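Hi everyone, thanks for making time.

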Amino acid sequence: MFEKIIVAFDASPQSFAALRAALEIAQKFGATVTTVSVVRLPEYAGTLDEVDENIQRARQYYEQPLRQAAFLAAEKGVEMKSEVLYGHTGERLVEFAAAAGADLIVTGARGLGGVKRYLLGSVSNYLVNHAPCPVLVIRDKELGA
Amino acid sequence: MDLWLQATIWMGLAFLASLISIRLGISVAMVEIFVGALGGNFLGVHPTPWINALAAVGSVVLTFLAGAEVEPAVLKQRWKESLSIGFVSFLLPFLAAMAYAYYVAGWNLAGAKIAGIALSTTSVAIVYAVMVETGLNQTELGKIILAACFITDLGTVAALGVLFAHYNLWLLAFALALALALPLLAPLSQKVFRDLADRVSEPETKFFFLVLFGLGTLAVKANSEAVLPAYLVGLVVATVLAGQKQFVRRLRGLAFAFLTPFYFLKAGVLVSFKALWAGLGLIIVLLLVKMAAKLIGVWPLTAAFRFGKNDGVYTTLLMSTGLTFGTISALFGLTHGYIDRQQYSVLVTVVILSGVIPTLIAQAFFKPEAKMKEQAPAAVATPVEKALPPRASEGGK
């Protein structure tokens, strides 16, 4: 039923919860998993350095968590790739899922409410409304999400 | 108002701009202009001589860093396309905006020239960020666009330096000094880095400031603009600085913490909201003139170089963006009395809008989807792959 699973991965505890769920599913269905991390670049940047700095920071930020994700996948015996994209999180995830022919996106929920949800936006909400495939939103009670 | 209170207010605004910029993910330069405009219009903040001095040095260092970002190798590859697109991307908007300001809006010739220069610009940084998002920066097309942006910037800076210069002995001295210094600067700076680098007293930083201030003095004496030699110096030492990342980082830290905030805040403080309202129609028309001129000039060239319809429109829209050099040109015009505050407010607003609107249109309707697959996050993927046990590693590839 599932062959290509995408995990929206921002290295948060919620995204690790999503990754674990995706790996469980992948193990059952013999699917591959791709973690997709999206780095936001400055809008209307003033200098090239401003852009490069964000890219550099992202590389440092994701290095260790992606290594950890790879070990989790290896433990389960699941094939896993990691992609880091740049731009708006929801948009890029949807575009990537469409281009890769994904048949499931798994994402964590931050459990934002009210004003925070309005200001920060909800990736899971965007995915549910725009993704080209089913979306599984993992709510982790222990994380309060 | 005493100096320390002024400094506190300006640095407070700069800090606030940084926080907003980080929170919203919008360029700090743009936020500083906006915060400066709010401060100028609602808090009565205004520039003082020492702020003007820091702002002036800020614009020079910023331009130097912009020149140093140029990759000569990129300029050499496909130079025909880059040169022609870049030059036309400068020339047509310059002529169109100048003609509109002079013949239709009734600005005087000097003011019209400033309008032409300010609206001829292309923002390399905005273009670069958009290309990284689409993965276009790794393609041939992306490299041509980026190189063309550098050429456009060079045209803008050269026009600013040449069009208002007094043709006298100072200009001759400036030209001679440039002709003498530019070929020597790359080997000389290499020697400075080799013999003097990594000392607490930062002699290499002082060396570059000395060069920039010296050439800037001659430029200003000739009624030219100090950003012209700054960009050229950046350009000729770009290859040397490519191997001095730590130095560039320190210089950028100094500039962004203590110099450019004063420049961009000042650029905003001098914007009058009243003048903006009065010039709303002109703002819209000038923005359309800039975008139309870029379209007329750049789009046929992209077709001639077989970019494909979608890529051609996308390139044209990206070349229509503007920010830093546009504000530098407008501020130069205001400082030298070539334009008044109303005209300045109109120009800065058009420049900022030109940074936003073409990008939004390009991203919404003309994004080259196919290029996204070429994006390879090698720097992240490598350590993960190395860490993987054999089975997962095979899957990872």
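So, chain B: we've got 20 helices here and zero strands. Keep in mind as we go that this is a predicted model. In terms of extent, the C-alpha atoms of chain B fill a box of roughly 70 × 50 × 45 Å along the principal axes. How does the radius of gyration sit against that of a compact globule? Well, for 397 residues you'd expect near 21 Å, and chain B comes out at 22 Å, which agrees.

What about burial? In chain B, 51% of the 397 residues are buried. And if you take the contacts in chain B with a separation of 6 or more, 80% of them are between residues 24 or more positions apart.

Now let's zoom in on one pair of helices in chain B. As a reminder, two packed helices are described by the angle between their axes and the distance between the axes. Here we're looking at helix 8, residues 140–162, and helix 17, residues 324–335, both of chain B; their axes come within 11 Å and cross at roughly 10 degrees. An angle under 35 degrees counts as roughly parallel, so that's what we call helix 8 of chain B relative to helix 17 of chain B. Who makes the contact? From helix 8 of chain B it's Asp153(B), Thr156(B), Val157(B) and Leu160(B), and from helix 17 of chain B it's Phe325(B), Ser329(B) and Phe332(B). Sort those by class and you get four nonpolar, two polar and one charged.

Okay, over to chain A. This one has five helices and five strands. Reading from the N terminus, the order is β-α-β-α-β-α-β-α-α-β. Of its 145 residues, 50% count as buried. For contacts in chain A with a separation of 6 or more, residues 24 or more positions apart account for 74%.

In soluble globular proteins, nonpolar side chains tend to be buried together. In this model, the largest nonpolar core has 173 residues, and the members that touch the most others are Ile5(A) and Val7(A). The largest share of that core, though, comes from chain B: helix 8 of chain B again, with 13 residues. And what does Ile5(A) touch, leaving out residues up to four places away in sequence? The list is Ala22(A), Ile25(A), Ala26(A), Ala31(A), Val33(A), Ala102(A), Leu104(A) and Val106(A).

That's my tour, happy to take questions.

Key: Residues are numbered from 1 along each chain as its sequence is written. Chains are lettered from A and ligands numbered from 1 in the order in which they are written. A nonpolar core is a set of buried Ala, Val, Leu, Ile, Met, Phe, Trp, Tyr and Cys residues joined through C-beta atoms within 7 Å. A residue is buried if 20 or more other C-beta atoms lie within 10 Å of its own, exposed if 12 or fewer, and partly exposed in between; C-beta atoms are placed from the backbone. Helices (H or I, at least four residues) and strands (E, at least two) are DSSP runs, numbered from the N terminus. Two residues are in contact if their C-beta atoms, placed from the backbone, lie within 7 Å. Axes are lines fitted to C-alpha atoms, for helices over the stretch in contact, and angles run from 0 to 180 degrees between N-to-C directions. Angles under 35 degrees count as roughly parallel, over 145 as roughly antiparallel, 65 to 115 as roughly perpendicular and the rest as oblique. Ala, Val, Leu, Ile, Met, Phe, Trp, Tyr, Cys and Pro count as nonpolar, Asp, Glu, Lys and Arg as charged, and the others, Gly among them, as polar. The radius of gyration is taken over C-alpha atoms; the globule rule is 2.2 Å times the number of residues to the power 0.38.
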